[in-house]
Amino acid sequence: MLKDKITALYCRLSQDDGLEESNSITNQKSILLRYVQDNGLPNPQFYVDDGVSGTTFERNGFKAMMSDIEAGKVGTVITKDLSRLGRDYLKTGEYIEIIFPDYDVRYIAINDNVDTFKSENELMAFKNIFNDWYARDCSKKIKAVFKSKGQSGKPLTTNVPYGYKKSETDKNQWEVDEETAPVVKRIFQLCIDGYGPTQIAKIISKDNILIPTAYHQLKSTGRITVEKPYRWVQETIIGILEKLEYVGHTVNFKTRRKSYKHKKKIKNPREEWQIFENTHEPIISQHDFDLVQELRKNKRRNQKHGEVNPFSGMVYCSDCGEKMYLCRSRSLSDEQEHLKCSKYAKDMSDCSAHYIRTAVLKKIVISELNKLLETVHTNEDEFVRVAMENSVQSQENELKKAKKLVKQYEKRVAELDKLFTRLYEDNVSGKISDERFEMMSKGYEGEQAELKVKISDLSAAIEIKEQKSADTSQFLEIVRKYTEITELTPEIMHELIEKIVVHAPDKSSGHRVQQIDIYYRFNIAVSTAIADRRDYDKRRKAA
């Protein structure tokens, strides 16, 4: 029966030892075939993995061999040495001592004098450990080289972002790809125009534009193996919209691996990235990139007539500080659509039931923006002076509130520490039961953890606010693009406005009036308007 079975000759070469002639695939094949001939082993068949690390067993050649072993076709497995089978000492030992014997497969490592048919080799476990250490050492050296390269500002990624190509004179430099760069520009412009990633993917797909993977395959191999080469998906669009490389920066250390044995990439937090500015020609301007990031913060849905809601994610309740949600349905006309406090919608006892119609808010915002444009165009110097004064005053007030909250939270954290200490003493002395102690301590720990997160977030916000000043030059550059605003779009909203705060309506005069605060970007200014229901009704009748 053994004469009918395959003698599996397994060869493996990785990039770590690819320069060693003794480990070349040709050399391994020669040694294995000579051994088979000298020992009269039947039906030799090669299984090869070229350029694959021994720290993983996700190798095509190895998996094909294992498939034949599980099917009962293989009688013997031979490798040049133990390290060719693998460099993970735990998995390699498991295959040799457990999995192969389960299928009655004999294993031979020629240079290490291992033959499971003849006798057990006591030194085999140590040799596997040494092979594992070798892989670990190689990994450390490669990491050191990558770290040095990454810190020098050279791009670490081997795959050039869609829209760029490697320079013919320097492989570490990127050039704009004239074929794909217009697609990147179009994707960004569609986002600015109010389209979401799913909508953009559908638009690009309809135009039969190759997806990045298919395009790279065509350029590198001359053929496409992707099943649907023209089908763009949401994830691809999001990846393009979030890529800093398009403004001309090199971004290194965005991902990492847990260890040399785990090949899955893990995203690093943004603060661990290393960003080198202006290393190559930009495809997207910094202004457009920042605008897209602002738009991406707020999910926008199309309204019934295909119009994108410009207020999505930008309107807040003055009482509780939560966002106000757009309320609409097929039964509501455009004049009846309105924004209401999200907190009140969840629990009526948490906030008041104030709301504002989107039609009213649009008119107010357009009016205030046009007043701002007129002020800038007629007396720019005076606007800059007032804007700077308002910015300083506004920032000081916000910082005072934030610092006061931090002190309150820190005081409560200290109080909880004392309460927990007393609670522990009461439990030890028997004043309260273990069950009671566990329940109360969990409550205190939960509150303390929540407060620490708030302190961390507020401290970060305070640091940003202290560093941030009114950027009037950038604001003026944006304002100069507009002469008069007749229609409110997401682009205009996010270019000029930071947020809108809606106050509860005041009915003390017998009429419904409502205060609206508009906060402009870059801490430039805050304008306050009054929504008077009587003015709105007059305008409706006149229309």
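Is Gly239 buried, exposed or partly exposed?

## Gly239 and the basis of the model

Gly239 is partly exposed, with a relative accessible area of 31%, where buried means under 20%, exposed over 50%, and partly exposed in between (1.4 Å probe, protein chains only). Helices (H or I, at least four residues) and strands (E, at least two) are DSSP runs, numbered from the N terminus.

This is a predicted model, in which local features need pLDDT of at least 70 and side-chain atom pairs count only at pLDDT 80 or more, while totals for chains, interfaces and linings use all residues. Residues are numbered from 1 along each chain as its sequence is written, and side-chain values use heavy atoms, with hydrogens and water left out.

Three strands form an open, antiparallel sheet in the order 13-14-15, two strands being paired if DSSP finds at least two bridges between them. Strand 13 (324-327) and strand 15 (355-357) are the edge strands, each pairing on one side only. Strand 13 is joined by four bridges to strand 14, residues 338-341, and Met324 stands opposite Cys341 in strand 14.

## The helix across the sheet

Helix 12 (residues 358-378) lies across strand 13, strand 14 and strand 15, and runs at about 75° to strand 15. Contact means heavy atoms within 4.5 Å, and axes are lines fitted to C-alpha atoms, for helices over the stretch in contact, with angles from 0 to 180 degrees between N-to-C directions.
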